[in-house]
Amino acid sequence: MAEFGSAWQTVTVTLPALFLFCFFLFYLSPLNQTSITNIIFSHPTPISHIKTIHDTPPPISSPPPLPPRTLLSPSYSLTANDTSSLIQGEEKPKKKMSNLERIEADLARARDAIRKAVQAKNHSKGNDDQGFIPTGSIYRNAHSFHQSHVEMEKRLKVWIYREGEPPLVHDGPLNNIYGIEGQFIDEMESGKSRFMARHPDEANLFLIPISVANIVNTLYKPLVTYSRDQLQRVVLDYIGIISERYPYWNRSQGADHFLVSCHDWAPDISEANPKLYDKFIRVLCNANTSEGFKPQRDVSIPEINIPYGKLGPTPQRTSPDKRSILAFFAGGAHGNIRHILLEHWKDKDNEVQVHEYLDKKKNYFKLMGKSKFCLCPSGYEVASARVVTAISVGCVPVLISDYYALPFSDVLDWTKFSVYIPSEKIPEIKTILKGISPKRYLQLQKRVTEVHRHFMIHRPAQPYDMIHMLLHSVWLRRLDVLLPS
């Protein structure tokens with residue numbers, strides 16, 4: 001009996017051990033379909049809850065440094081092997097940067113270089129700036145402008161969408177007051193521009209090659225309606241096509257896309273669907289802040305009258321001591337400001353010469369060249385081609401306009417080479433201009449000649465000319481945007 005009890009005691013001790021051994025064999029056998037990995041990670045931590053190393057980039061007013069590589073990107077799929085590696089302290093394989101991440105990193109380097117140039121107050125030479133370095137009071141910050149232009153030369157790439165056919169797209173007027181839009185499109189599509197991207201994935205800006213002037217000339221002939229409906233539909237349809245075929249518009253909501261137009265109707269493209277154009281860069285001559293132009297997003301370009309066979313007004317270099325006319329204007333009564341100007345000054349003063357219709361025996365450009373100040377009042381729209389003409393002939397522009405966002409004012413200080421007279425002070429024009437001392441006038445006139453290079457057109461375009469200045473204005477707005485990658 002004692003032996004039986006001893007044997008039973010042995011069995012009761014070994015049975016649990018034997019049971020556990022059999023369970024372990026079953027657990028490891030193919031009969032068990034639940035993997036050990038699934039048991040251990042049956043409730044994994046969601047990837048969205050894993051904190052990344054870097055914080056949200058600061059506002060562009062303080063250019064952000066390149067963000068460090070994140071430990072775990074939200075787009076990275078976590079696996080058991082990767083988790084084990086992290087637990088054991090092994091480094092996770094680096095994730096390849098996307099095209100957009102590379103573009104944003106490159107723009108971050110440009111911002112950093114500009115900031116350092118401003119802090120150090122030095123200049124670095126560009127790729128092809130012909131030895132010119134901007135200096136002097138006509139610039140808001142010459143160091144910032146020069147370094148920004150250098151960075152643009154090194155990094156800017158513009159993709160031009162190829163959809164559509166002329167004349168509505170890929171074309172534009174090359175002459176007269178709307179000529180800048182055609183000249184710009186033609187320059188970018190000529191194949192000679194260093195800024196043209198070879199593939200959209202390398203582009204940091206996208207040009208929508210629509211000519212508003214050509215649309216109006218084509219679809220509104222004969223002119224039986226002033227409705228902007230046809231114009232708006234052409235632009236909406238074009239954006240619809242490119243947004244369906246490519247990812248670029250949708251990923252940025254148009255923040256890295258731009259359109260160039262000098263036609264008076266160009267701002268009206270936004271009226272049909274304002275939200276669609278909320279971030280879109282409109283490059284316009286008609287830069288009227290009271291009609292929706294936003295200088296922080298949109299770009300103001302100078303209106304320029306381009307004669308046939310030329311690229312702008314013929315420059316004149318009449319010395320200041322030979323300028324016998326105090327102020328000059330000749331033009332039609334287009335708009336309220338000109339109506340007021342003609343009412344107060346038309347053919348009433350020998351020093352302030354204001355004419356509605358100039359005598360055919362008199363030469364308009366020679367009279368401007370003999371004038372100290374050239375009156376540049378707004379017409380039906382805020383821009384006036386007289387501003388560029390005045391600068392070309394060395395005449396100090398007198399800007400008589402309301403709500404006009406001046407061209408290139410991101411980098412140019414217009415107070416240093418022009419005079420501004422609000423429309424309500426038109427009766428005081430002579431008093432104001434007479435109040436400018438000879439020394440002050442000579443300073444203004446000298447700076448007009450200095451700033452002239454930025455209002456000249458060259459084909460092919462040259463550094464710091466009007467086409468490069470236009471591109472630079474768009475480049476600055478692209479630098480102010482951080483696209484999510």
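**First sheet**

Strands β3 and β4 run parallel and are joined by 4 bridges. Helices (H or I, at least four residues) and strands (E, at least two) are DSSP runs, numbered from the N terminus, and two strands pair if DSSP finds at least two bridges between them. This is a predicted model, in which local features need pLDDT of at least 70, side-chain atom pairs count only at pLDDT 80 or more, and totals for chains, interfaces and linings use all residues. Residues are numbered from 1 along each chain as its sequence is written, and side-chain values use heavy atoms, with hydrogens and water left out.

- The strand order β1-β2-β3-β4-β5 makes up an open sheet of 5 strands with parallel pairing.
- At the edges stand β1 (158-160) and β5 (299-300), each with a single partner strand, so one side of each has no neighbour in the sheet.
- Strands of a sheet pair through backbone hydrogen bonds, either parallel or antiparallel.
- Strand β2 (residues 205-207) is joined to strand β3 (residues 257-261) by 2 bridges, and the two run parallel.
- L207 has F258 as its bridge partner in β3.
- On the β4 side, F258 is the bridge partner of I281.
- F258 is buried, with a relative accessible area of 0%; buried means under 20% relative accessible area, exposed over 50%, and partly exposed in between (1.4 Å probe, protein chains only).
- F258 and F280 are 22 residues apart along the chain, and their C-alpha atoms are separated by 6.2 Å.
- In strand β4 (residues 281-284), I281 and V283 point one way and R282 and L284 the other way, and all are buried.
- Parallel strands β4 and β5 are joined by 2 bridges, and L284 has S300 as its bridge partner in β5.

- Another open sheet of 5 strands has parallel pairing and the order β7-β6-β8-β9-β10.
- Its edge strands, β7 and β10 (419-420), each pair on one side only.
- Strand β6 (residues 325-330) has 6 of its 6 residues buried, so the rest of the structure largely encloses it.
- On one side, β6 is joined by 3 bridges to strand β8 (residues 371-377), and these strands run parallel; A327 stands opposite F373 in β8.
- β6 also runs parallel to strand β7 (residues 352-355), with 4 bridges between them, and V352 is the bridge partner of A327 in β7.
- From β6 the chain crosses through helix α10 (residues 336-345) to β7, and this β-α-β crossover is right-handed. A crossover is right-handed if, with the strands pointing away from the viewer, the path from the first strand over the helix to the second runs clockwise.
- Strand β9 (residues 396-400) and β10 run parallel and are joined by 2 bridges; the partner of L399 in β10 is Y420.

**Second largest pocket**

- The second largest pocket has a volume of about 570 Å³.
- Of the 24 residues that line this pocket, I177, E303, N305, A385 and R386 are the closest to its centre.
- The elements that give two or more residues to its lining are α11 (364-369) and α12 (386-392).
- The lining residues divide into 9 nonpolar, 9 polar and 6 charged. Ala, Val, Leu, Ile, Met, Phe, Trp, Tyr, Cys and Pro count as nonpolar, Asp, Glu, Lys and Arg as charged, and the others, Gly among them, as polar.
- A pocket is an open set of points on a 1 Å grid over the protein atoms alone where a 1.4 Å probe fits, with protein on both sides within 12 Å along at least five of seven lines; lining residues have an atom within 4 Å of a point.

**Loops and backbone**

- Most residues other than glycine have a negative phi, and most peptide bonds are trans.
- The peptide bond from P166 to P167 is cis, with omega near 10 degrees, and P167 lies in the loop between β1 and α6.
- The loop between β1 and α6 (179-189) also holds D171, which is partly exposed at 32% relative accessible area.
- R459 and P460 are joined by a cis peptide bond with omega about -5 degrees.
- P460 is in the loop between α14 (438-451) and α15 (466-479).
- Y464 is also in the loop between α14 and α15; its phi is near 75 degrees, a positive value in a residue other than glycine, and Y464 is buried at 1% relative accessible area.
- D347, in the loop between α10 and β7, has a positive phi near 55 degrees and counts as exposed at 53% relative accessibility.

Key
Points joined across faces, edges and corners; volume = space filled by probe spheres on them.
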